[in-house]
Amino acid sequence: MPISRFSGSVSAPKVDVAIDMGNPFLNLTADGFLKIGAVAATRVLADETFHAIKRGSISSSNFEHTLKKMCKEGAYWGTVAGLYVGMEYGMERVRGTRDWKNAMAGGALTGALISAVNSKNKDKIVTDAITGGAIATAAVFINYLT
């Protein structure tokens with residue numbers, strides 16, 4: 001019986017913006033902020049476009065609401081990403097090695113800081129720190145697999 005196979009690769013286009021603030025820590029933090037902030041703003045745009053099509057109309061107040069929501073979400077998620085990247089890089093510099101433990105500590109510190117800003121509940125802050133560390137560690141391990 002004949003066997004056929006398909007071979008190939010799929011790759012996404014890569015867009016890189018070079019930011020030079022004179023310090024690697026600041027460069028990585030700003031890069032994380034801009035990239036993830038742009039992703040969050042684009043997600044809001046796609047979501048709001050879907051709802052506008054579903055409604056069948058676009059008004060100036062809906063457009064203004066969409067722009068405000070894009071800026072808010074972009075700034076929030078950009079800040080989270082910038083904080084995480086900065087924390088991970090800081091851990092790398094302090095520990096002198098690059099491994100999954102930096103991601104874990106960076107994720108935990110980021111989760112705790114973001115939670116502390118949004119809530120005064122100590123149990124939630126601890127839970128969010130554990131969640132942040134777990135997600136960051138899982139992302140590194142998944143990245144090792146590919």
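Colleague: Where does the model come from?
Modeller: It is a predicted model: local features need pLDDT of at least 70, side-chain atom pairs count only at pLDDT 80 or more, and totals for chains, interfaces and linings use all residues. Residues are numbered from 1 along each chain as its sequence is written, and side-chain values use heavy atoms, with hydrogens and water left out.

Colleague: What is the average pLDDT?
Modeller: The chain averages 89, and 89% of the residues score at least 70. pLDDT is the predictor's confidence in each residue, from 0 to 100.

Colleague: How many helices and strands are there?
Modeller: The chain has 4 helices and 0 strands. Both are DSSP runs, numbered from the N terminus: helices are H or I, at least four residues, and strands are E, at least two.

Colleague: Which helix has the lowest confidence, and which the highest?
Modeller: Helix 1 (residues 24–55) is lowest, at a mean of 92. Helix 3 (residues 100–118) is highest, at 95.

Colleague: New topic. How many aromatic pairs are there?
Modeller: The structure holds 4. Rings of Phe, Tyr and Trp (its six-membered ring) pair if their centres lie within 6.5 Å; planes under 30 degrees apart count as stacked, over 60 as edge-to-face and the rest as tilted.
Modeller: One of them is Phe25 with Tyr89, a tilted pair at 6.4 Å centre to centre, with 35 degrees between the planes.

Colleague: Which parts does that pair tie together?
Modeller: Phe25 is in helix 1 and Tyr89 in helix 2 (residues 60–95), so the pair joins parts 64 residues apart in sequence.

Colleague: Is Tyr89 buried or exposed?
Modeller: Tyr89 is buried, at 15% relative accessible area. Phe25 is partly exposed, at 34%. Buried means under 20%, exposed over 50%, partly exposed in between (1.4 Å probe, protein chains only).
Modeller: Trp100 and Phe141 also form a tilted pair, 5.6 Å centre to centre and 45 degrees between the planes.

Colleague: Where do Trp100 and Phe141 lie?
Modeller: Trp100 lies in helix 3 and Phe141 in helix 4 (residues 122–145), so this pair ties parts 41 residues apart in sequence.

Colleague: Which residues do ring pairs link into a cluster?
Modeller: Trp100, Phe141 and Tyr144.
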